[in-house]
Structure formats: C-alpha cells, structure tokens
Amino acid sequence: DNFVEVSIEDTGVGINEEDIKKLFKPEVHHTTIGTSNEKGTGLGLSLCKEMVQKNKGEIWVESVSRKGTTFFFTVPKALNRYQKAS
C-alpha cells in the first residue's frame with residue numbers, strides 16, 4: 001500500500017530465460033542486439049536497479065522471446081507534509 005508500481009513494456013526481441021537471470025547481476029556484463037541492430041551497454045539497467053534499491057523498491061522483468069519485455073519497479077509513495085514516516 002505504501003508503494004507505487006511502474007511498468008515499461010516494449011514489443012521488441014524479448015529476452016530468453018537464461019539471459020533474464022544475468023540481467024541484475026553486477027558481475028555479469030550482458031548485452032544483446034536490439035530490434036534495429038542497436039547495441040546496448042547494460043549501464044542503464046544497472047543504474048535503474050541501483051536507484052530503485054536505494055529508494056527501498058524492487059525491480060524485476062517479464063519477457064517472451066520475439067514478443068517483448070516488460071520491466072517493473074516499485075518505489076515508495078511520497079508522503080505529504082502531514083503524514084509521518086514509519
């Protein structure tokens with residue numbers, strides 16, 4: 001109840017189950033070629049994970065190969081000035 005869930009979905013190449021396991025491991029540098037043959041560095045997802053965790057949220061992914069991917073993350077709801085932090 002105290003978190004907002006955000007999802008970002010695409011209809012790209014998708015991510016297979018083995019590669020999903022590698023995505024959030026800092027010791028594994030993993031990138032793939034995108035729909036338009038673009039290359040990624042993996043830096044963006046690492047930064048997203050770090051920011052979400054620093055804000056006490058969670059991040060995860062669901063994907064179907066050749067259909068697309070959805071990334072999800074949660075962050076705490078903002079407190080207004082009349083609410084007390086727990």
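Predicted model: local features only at pLDDT ≥ 70, side-chain atom pairs only at ≥ 80, totals over all residues.

Me: What makes Lys 56 count as exposed?

Reply: The cut-off for exposed is over 50% relative accessible area. Lys 56 has 65%, so it is exposed.

Me: And what is the phi of Lys 56?

Reply: It's positive, about 65°, although Lys 56 is not a glycine. Most residues other than glycine have a negative phi. This positive phi comes just after α2.

Me: Which helix holds Lys 54, and why is Lys 54 called exposed?

Reply: Lys 54 lies in helix α2, which covers residues 43–54. Its relative accessibility is 58%, and exposed means over 50%, so Lys 54 counts as exposed. Lys 54 is also 21 residues from Val 75 in sequence, with 9.6 Å between their C-alpha atoms.

Me: How do you know that the span of α2 agrees with what it should be?

Reply: The expected span is 1.5 Å times one less than the number of residues. For the 12 residues of α2 that should be 16 Å, and the end C-alpha atoms are 17 Å apart, so the two agree.

Me: Where does α2 lie relative to the strands?

Reply: α2 lies across β2 and β3, and it runs at about 140° to β2.

Me: What order do the strands take in the sheet, and why are β1 and β2 said to stand at the edges?

Reply: Three strands form an open sheet in the order β1-β3-β2, with antiparallel pairing. β1 (3–10) and β2 (59–64) each have a single partner strand, so one side of each is left without a neighbour in the sheet. From one strand to the next, the twist averages 15°.

Me: How do you know that β1 and β3 pair?

Reply: Two strands pair if DSSP finds at least two bridges between them. β1 and β3 (residues 68–76) have eight, in the antiparallel sense, so they qualify. Along them, Glu 9 stands opposite Thr 70, and Val 6 stands opposite Phe 73.

Me: What makes β2 and β3 a pair too?

Reply: They have six bridges, again antiparallel, and at least two are needed, so they pair. In β3, Phe 73 is the bridge partner of Ile 59. The hairpin of β2 and β3 has three residues between the strands, and there Arg 66 takes a positive phi near 65°.

Me: How many aromatic pairs does a search of the whole structure find, and why is the pair of Trp 60 and Phe 72 given its label?

Reply: The search finds one aromatic pair. The ring centres of Trp 60 and Phe 72 are 5.3 Å apart, within 6.5 Å, so they pair; their planes are at 10°, under 30 degrees, so the pair is stacked. Trp 60 lies in strand β2 and Phe 72 in strand β3, so the pair ties together parts 12 residues apart in sequence.

Conventions. Residues numbered from 1 in each chain as written. Heavy atoms only, no water. Helix = DSSP H or I, 4+ residues; strand = E, 2+ residues; numbered from the N terminus. Buried < 20%, exposed > 50% of the residue type's maximum accessible area, 1.4 Å probe, protein only. Axes fitted to C-alpha atoms, helices over the stretch in contact; angles between N-to-C directions. Contact = heavy atoms within 4.5 Å. Phe/Tyr/Trp six-rings, centres within 6.5 Å; stacked < 30°, edge-to-face > 60°.
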